[in-house]
Amino acid sequence: MAVEIKKIGVIGSGQMGSGIAHVCALAGYDVGLSDISMERIESGLASINGYMARQVGKSLITEDQRAAALDRIKPVEELDLLADVDLVIESAVENEQVKRKIFAQLCPILKPEAILATNTSSISITRLAATTDRPERFIGIHFMNPVPLMELVELVRGIATEDETFEASRGFCDRLGKQVAVAEDFPAFMVNRILLPMINEAIYTLYEGVGSVESIDKAMRLGANHPMGPLQLADFIGLDTCLSIMQVLYEGLADTKYRPCPLLVKYVEAGWLGRKTQRGFYDYRGEIPIPTR
């Protein structure tokens, strides 16, 4: 069943979901943005509005483009309102059980030819697809954060993903102006398979007292020419997300080199998740971020 992608559904209105809705709307797609509450959806819409306003200020888009794109994004309080979409992109928390629950609710609603995609950064596409009624029309479309700024999308097919689904998804990414890197369905794919162990090692370096938060980040910024230090980046990603990805790597590949650092576990248990909670490896509650160790 061929499908022409015209209307998009996005599940999750957080940093990633709102970013995906943002780029889809600017590319001319009609978008339904869904979350567990209207309050969260409104927060996502406010973020999109603010980011687009900054793009106008930098002359990256016009005010008319901004107004038209915002008009294309509609809040979706009930999943039933996504019955006519051609592509749904799930961008909920990086938790397999949460994602499975969403797919169980979505599948009876969607039309048979609709493509179901996940923005997961680490979880098996094949395994997630097997929980749905359309594994052949299921695919991983992994956007990078922040979505409007980052050019790359990892496109990951499961063992059952049909060529037609893959090609339609690639065409969708092309229309967004993104560069596609095709990844095989292994734990954490490519970007996070390489990036997260580096971040985890930086946390071990802090845990073992080799350097302070400030010195570790400075070392990687100035010594390896990274745009931000690994601990600052961990805070930006979210320490809970970092831990989830490391756990997927550790369990999926059964190699001790992927064991999450105990200090990362401790921060997550404390609820210090990075920027989104105002504390992580840095404290963001003041005017200037201050290292917490």
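Mentor: One term before we start: contact means heavy atoms within 4.5 Å. Also keep in mind that this is a predicted model.

Trainee: Okay. What does helix α2 lie across?
Mentor: Helix α2, residues 38-57, lies across β2 and β3. The helix runs at about 165° to β3.

Trainee: And which strands does helix α1 lie across?
Mentor: Helix α1 covers residues 15-26. It lies across β1 (7-11), β2 (30-34), β3, β4 and β6 (138-143). Its direction is at about 165° to β2.

Trainee: What is the strand order in the sheet?
Mentor: The order is β3-β2-β1-β4-β5-β6-β7-β8. That is an open sheet of eight strands, and the pairing is mixed.

Trainee: Which strands are at the edges?
Mentor: β3 (73-76) and β8 (179-183). Each of them pairs on one side only.

Trainee: How much are neighbouring strands turned against each other?
Mentor: By 25° on average, ignoring direction.

Trainee: Zoom in on one pair. Do β4 and β5 run parallel or antiparallel?
Mentor: Parallel. Four bridges join β4, residues 87-90, to β5, residues 115-118.

Trainee: What stands opposite Glu90?
Mentor: Thr118, in β5.

Trainee: What holds paired strands together, in general?
Mentor: Strands of a sheet pair through backbone hydrogen bonds.

Trainee: New topic: helix packing. At what angle do α8 and α9 pack?
Mentor: About 100°, with the axes 7 Å apart. Helix α8 is residues 213-223. Angles of 65 to 115 degrees count as roughly perpendicular, so α8 is roughly perpendicular to α9.

Trainee: Which residues meet there?
Mentor: From α8, Val213, Ile216, Asp217 and Met220. From α9, Pro230, Leu231 and Gln232. By class, this contact of α8 with α9 has five nonpolar residues, one polar and one charged.

Trainee: And how do α9 and α10 cross?
Mentor: At roughly 100°. The axes of α9 (residues 230-237) and α10 (residues 239-253) come within 6 Å. These helices are therefore roughly perpendicular to each other.

Trainee: Which residues make that contact?
Mentor: Ala234, Asp235 and Ile237 of α9, with Leu239, Thr241 and Cys242 of α10. The contact of α9 with α10 has four nonpolar, one polar and one charged residues.

Trainee: Pockets next. How much space lies in the second largest pocket?
Mentor: About 260 Å³. The second largest pocket is lined by 15 residues. Glu96, Ile123, Arg127, Val248 and Glu251 lie nearest its centre.

Trainee: Which element gives the most to that lining?
Mentor: α10, with five residues.

Trainee: How do the lining residues divide?
Mentor: Into four nonpolar, six polar and five charged.

Trainee: Where is Ala188?
Mentor: In the loop between β8 and α7 (191-207).

How values were computed. Residues are numbered from 1 along each chain as its sequence is written. This is a predicted model: local features need pLDDT of at least 70, side-chain atom pairs count only at pLDDT 80 or more; totals for chains, interfaces and linings use all residues. Side-chain values use heavy atoms; hydrogens and water are left out. Two strands pair if DSSP finds at least two bridges between them. Helices (H or I, at least four residues) and strands (E, at least two) are DSSP runs, numbered from the N terminus. Axes are lines fitted to C-alpha atoms, for helices over the stretch in contact, and angles run from 0 to 180 degrees between N-to-C directions. Angles under 35 degrees count as roughly parallel, over 145 as roughly antiparallel, 65 to 115 as roughly perpendicular and the rest as oblique. Ala, Val, Leu, Ile, Met, Phe, Trp, Tyr, Cys and Pro count as nonpolar, Asp, Glu, Lys and Arg as charged, and the others, Gly among them, as polar. On a 1 Å grid over the protein atoms alone, a cavity is a set of points where a 1.4 Å probe fits but cannot get out, and a pocket is an open set with protein on both sides within 12 Å along at least five of seven lines; lining residues have an atom within 4 Å of a point. Grid points are joined across faces, edges and corners, and a volume is the space filled by probe spheres set on the points.
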